[in-house]
Amino acid sequence: MTSPAYPPKPVPGDRIAIISPSSGLPGLFPLPYELGLQRLREDFGLEPVEYPTTRKMGSTPKERADDIHAAFADPSVRAVMASIGGDDQITVLPLLDRELIRANPKPFFGTSDNTNLLVLLHNLGIVAYHGACLMTELGRPYALHPMTADSVRAALFTSGPYELRPATRYRDTDRDWADPATFDREPDSQAADGWIWHQPDRLVEGRAWGGNLEILSWLLMADREIARDPAAYEGGVLFLETSEELPSGEEVFRILRNMGERGLLARFPALLMARAKAWSFQQPNRAEDKLRYAAEQREAVLRALTAYAPHTMAVFDVDFGHTDPQLVIPYGGTVSVDGPARRITVTY
């Protein structure tokens, strides 16, 4: 597998494509979407460009693929950002013109279901960026989180090392996007205890690969985009996060067990596990229940590592998942995990 290369970066004043490869939720929830567009213009100096399905619910996989092609093919567009995630982007993958995308490499930003596109871009030799969906991060109520804003700005405009730092407070609860009052005050947050290190006895530097755990499991089931020879990922840094669907600890273990049986887990000498989102509208856990959920997920990951990758170093509660703030991980880019120094550095 060819090592991915970093595509050229935009500069303030450039155009950035806003696409909805998974779901046209901007059409249902215009408030965070419009706020994200405003901040792209005012805080980052970029000019957003919309496409036919960006605000369209129920668009076909072909229509969404057409928007992806248009965004990458337009020479005046210098970066691409997903509006939000969803759950069926896997149906878009077979329709994509890989040579068109390979010939027009651009920084792509997205999380969650956008793991599909991140994996595809990695396979095409293009470094992409896990982070910064427009609605969830740039459309954050009241104000951009300073840690998110700094990471996104660095990933968008700069090249070189960027040290990730643990958040002192975080948020995993949400308020109604349809209610204008949601955006009038700072979201509630709670104290964070810092990163949790497992076997921090070495320095690992490698290419980042991973994303949303549930989406990776679907790709594995569909036999799409994941190399059949696990040696393709040898020496990389695996990074994983789970979604607002709150998969149980047992489900997390089973997915990782299957990755272990396939020979994947043992190829990664380091694992970054995002802070678990432990609250959703469907499952509004109390504080003690959230702590229990996060502990069960951590135990499940450690159980899988013990069975399949006993020498892998792991760091838990890194802020790149479905919680707030969210730091950007360069997908296919270089990540350094320094266990003795307790430091994580990414290269944007």
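Arg 286 and Glu 288 join their side chains in a salt bridge, at 3.6 Å from N to O; the term denotes a side-chain nitrogen of Lys or Arg within 4 Å of a carboxyl oxygen of Asp or Glu. Arg 286 is exposed, with 53% relative accessible area, whereas Glu 288, at 40%, is partly exposed. Here buried means under 20% relative accessible area, exposed over 50%, and partly exposed in between, with a 1.4 Å probe and protein chains only. Elsewhere, salt bridges with shared partners link Arg 140, Arg 171, Asp 174, Glu 186, Lys 277 and Asp 324 into one network.

Please note that this is a predicted model: local features need pLDDT of at least 70, side-chain atom pairs count only at pLDDT 80 or more, and totals for chains, interfaces and linings use all residues. Residues are numbered from 1 along each chain as its sequence is written, and side-chain values use heavy atoms, without hydrogens and water.

The whole structure contains 27 salt bridges. Another of them pairs Arg 64 with Asp 88, at 2.8 Å from N to O. What does this pair tie together? Arg 64 lies in helix H2 (residues 61-73) and Asp 88 in the loop between strand S3 (77-82) and helix H3 (98-103), so the pair connects parts that are 24 residues apart in sequence. Helices (H or I, at least four residues) and strands (E, at least two) are DSSP runs, numbered from the N terminus. Arg 64 is buried, at 4% relative accessibility, while Asp 88 is partly exposed, at 23%.

I turn now to the sheet. Six strands form an open sheet of mixed pairing, in the order S2-S1-S3-S4-S5-S14; two strands pair if DSSP finds at least two bridges between them. Its edge strands, S2 (47-50) and S14 (329-331), each pair on one side only. Strands S4 (residues 108-110) and S5 (residues 128-130) run parallel and are joined by two bridges. In one of these strand pairings, Gly 110 has His 130 in S5 as its bridge partner.

Finally, the core. The largest nonpolar core has 102 residues, and those with the most contacts inside it are Phe 108, Leu 164, Trp 209, Val 337 and Ile 344. Such a core is a set of buried Ala, Val, Leu, Ile, Met, Phe, Trp, Tyr and Cys residues joined through side-chain atoms within 4.5 Å.
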